[in-house]
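Look it over first, then read on.

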Amino acid sequence: EKPKGFIHWVSDPLVCEVRLYERLFFHKNPEDPSEVPGGFLSDINPESLKIIPQAYVDSTVKDAKVLDRFQFERLGFFAVDRDSTPAKMVFNRTVTLKEDPAKN
């Protein structure tokens with residue numbers, strides 16, 4: 001039987017902020033009036049950014065520098081954001097591992 005979920009264990013957690021970016025526009029060509037008659041501003045995905053203010057990562061990343069990259073298990077690749085401070089790290093998802101191949 002296939003499991004319905006996974007438990008990820010972080011033995012020495014560090015609280016951080018994670019920013020999950022999705023497609024900014026709904027259509028492939030948002031400036032094409034035949035695809036988007038209302039113009040590109042009407043095609044913006046309001047769910048293109050989801051912020052998780054209190055995520056947990058392993059404390060081994062605490063000395064990472066801006067733009068250092070990591071793969072977080074089953075989620076994707078993340079880079080350290082310039083907004084990071086010694087008190088709070090910020091990670092931006094750059095590539096998801098669960099991309100739907102049907103999307104164009």
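Q: What share of the contacts in the chain with a separation of 6 or more comes from residues 24 or more positions apart?
A: This is a predicted model. Take the contacts in the chain with a separation of 6 or more. Residues 24 or more positions apart account for a share of 50%.

Q: How many helices and how many strands are there in the chain?
A: Read the elements from the N terminus on: they run β-β-β-β-β. The count is 0 helices and 5 strands.

Q: What is the radius of gyration of the chain, and what would a compact globule of 104 residues have?
A: The C-alpha atoms fill a box of roughly 50 × 45 × 20 Å along the principal axes. A compact globule of 104 residues would have a radius of gyration near 13 Å. For the chain, the value is 17 Å.

Q: What percentage of the residues of the chain count as buried?
A: Buried means under 20% relative accessible area. The chain has 104 residues. The part that counts as buried is 26%.

Q: Which element gives the largest share of the lining of the largest pocket?
A: The largest pocket has a volume of about 550 Å³. Elements that give two or more residues to its lining are β1 (13–21), β2 (49–58), β3 (69–72) and β5 (89–96). The largest share is 5 residues, and it comes from β2.

Q: Which residues lie nearest the centre of the largest pocket?
A: The lining has 23 residues. By class, 13 are nonpolar, 5 polar and 5 charged. Nearest the centre lie Tyr56, Val57, Phe72, Glu73 and Leu75.

Q: Is serine 48 buried or exposed?
A: Serine 48 lies in the loop between β1 and β2. Leaving aside neighbours within four places in sequence, serine 48 is in contact with Leu20, Tyr21, Glu22, Arg23 and Leu24. Its relative accessibility is 14%, and the cut-off is under 20%, so serine 48 counts as buried.

Q: Which residues does alanine 55 touch, not counting residues up to four places away in sequence?
A: Alanine 55 lies in strand β2. Alanine 55 is buried, with a relative accessible area of 13%. Its partners are Leu14, Val15, Cys16 and Val18.

Q: How many Å apart in space are alanine 55 and arginine 82, C-alpha to C-alpha?
A: In sequence, alanine 55 and arginine 82 are 27 residues apart. In space, C-alpha to C-alpha, the separation is 17 Å.

Q: What separates the C-alpha atoms of glutamine 71 and valine 95, in Å?
A: Glutamine 71 lies in strand β3. Valine 95 is 24 residues apart from glutamine 71 along the chain. Their C-alpha atoms are separated by 9.3 Å.

Q: Why does glutamine 71 count as partly exposed?
A: Leaving aside neighbours within four places in sequence, glutamine 71 is in contact with Gly76, Phe77 and Leu97. Buried means under 20% and exposed means over 50%, with partly exposed in between. Glutamine 71 counts as partly exposed because its relative accessibility is 49%.

Q: What is phi of leucine 67?
A: Leucine 67 is found in the loop between β2 and β3. Leucine 67 is partly exposed, with a relative accessible area of 46%. Its phi is positive, in a residue other than glycine, and lies near 75°.

Notes
Residues numbered from 1 in each chain as written. Predicted model: local features only at pLDDT ≥ 70, side-chain atom pairs only at ≥ 80, totals over all residues. Heavy atoms only, no water. 1 Å grid on protein atoms, 1.4 Å probe; cavity = no way out; pocket = protein on both sides within 12 Å on 5 of 7 lines; lining within 4 Å. Points joined across faces, edges and corners; volume = space filled by probe spheres on them. Helix = DSSP H or I, 4+ residues; strand = E, 2+ residues; numbered from the N terminus. Nonpolar A, V, L, I, M, F, W, Y, C, P; charged D, E, K, R; others polar. Rg over C-alpha atoms; globule rule 2.2 N^0.38 Å. Buried < 20%, exposed > 50% of the residue type's maximum accessible area, 1.4 Å probe, protein only. Contact = heavy atoms within 4.5 Å.
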